[in-house]
Amino acid sequence: SHLDLSARARGAISGRRPCVLFLDSLGKRKDRRVHKLLTSWLNAEWAERGAKLHHAPGAPPRVFSREQTPMFACSVPVQPNHTDCGLFMLKNVEHFLMEVDEETDFPVDRRDWYPSRDAVGLRQVLRQLINSKVEKRRQEQEREAQEAREREQRGNRERDQGEQPPKGEGAGATGAEGAARGGAAG
């Protein structure tokens, strides 16, 4: 029952026992299949990476199972279509992180977190954010390119000035300069 689920979730969460919170914005509730896939993945990751980092010598191996890592299906706002999964996932994570607290229980009924239109409206917010970042980067690249052109032009001018013969030498020497070198004055 819903009350039993809430009590078990509170016990798992407040007791710092690892658990999985299943936040399904499609409302399909295939939590057994999802739990099996997640625990399988967690076991594989632990075997490959986690045990090397966190396994104390002589400690029993970590096992992720239905009993050791229970999963609780939380009721969350339902998306109106099959295309807004990512938006709802971001909105759920945002609200979860804002509300989770180590000292309080996390209720499994979160249908009132936000209106569904807030998640759908996130698309426009993200579009504006991405467009502003792209425009900012484009302007930075233009500025960098302009600075590179200016450096190249300065380098060319300095090189050209360094290749010119010093004053008084070559074909431009006349009058007193030429006479000083032993030539005829013009």
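Analyst: The account below begins with the chain as a whole and then turns to the salt bridges.

This is a predicted model, in which local features need pLDDT of at least 70 and side-chain atom pairs count only at pLDDT 80 or more, while totals for chains, interfaces and linings use all residues. Residues are numbered from 1 along each chain as its sequence is written, and side-chain values use heavy atoms, with hydrogens and water left out.

The protein chain has 5 helices and 2 strands, which run α-β-α-β-α-α-α from the N terminus on; here helices (H or I, at least four residues) and strands (E, at least two) are DSSP runs, numbered from the N terminus. Of the 186 residues in the protein chain, 21% are buried, where buried means under 20% relative accessible area, exposed means over 50%, and partly exposed lies in between (1.4 Å probe, protein chains only).

A search of the whole structure finds 8 salt bridges, each defined as a side-chain nitrogen of Lys or Arg within 4 Å of a carboxyl oxygen of Asp or Glu. Among them is the one between the side chains of Arg137 and Glu140, at 3.2 Å from N to O; both residues lie in helix α4 (residues 116–163), 3 residues apart, about one turn of the helix. The side chain of Arg137 also meets that of Glu144 in a salt bridge, at 3.7 Å from N to O. Arg137 counts as partly exposed because its relative accessibility is 36%, and Glu140, with a relative accessible area of 24%, is partly exposed as well. Glu144 is likewise partly exposed, with a relative accessible area of 38%.

Another salt bridge links Arg143 with Glu147, their closest N and O atoms being 3.9 Å apart, and these two residues of helix α4 are 4 residues apart, about one turn of the helix. At 46% relative accessibility Arg143 counts as partly exposed, and so does Glu147 at 36%.

In soluble globular proteins, nonpolar side chains tend to be buried together. Not counting residues up to four places away in sequence, Ala119 touches Leu87, Phe88, Lys91 and Tyr114, a contact meaning heavy atoms within 4.5 Å.

Elsewhere in the chain, strand β1 (residues 20–23) pairs with strand β2 (residues 71–74) in the parallel sense over 4 bridges, pairing being assigned if DSSP finds at least two bridges between two strands. Leu21 stands opposite Phe72 in β2, and β1 has a covered face made of Val20 and Phe22 and an uncovered one made of Leu21 and Leu23. His35, in helix α2 (residues 31–54), counts as buried because its relative accessibility is 2%. Leaving aside neighbours within four places in sequence, His35 is in contact with Ser65, Arg66, Thr69, Pro70 and Met71.
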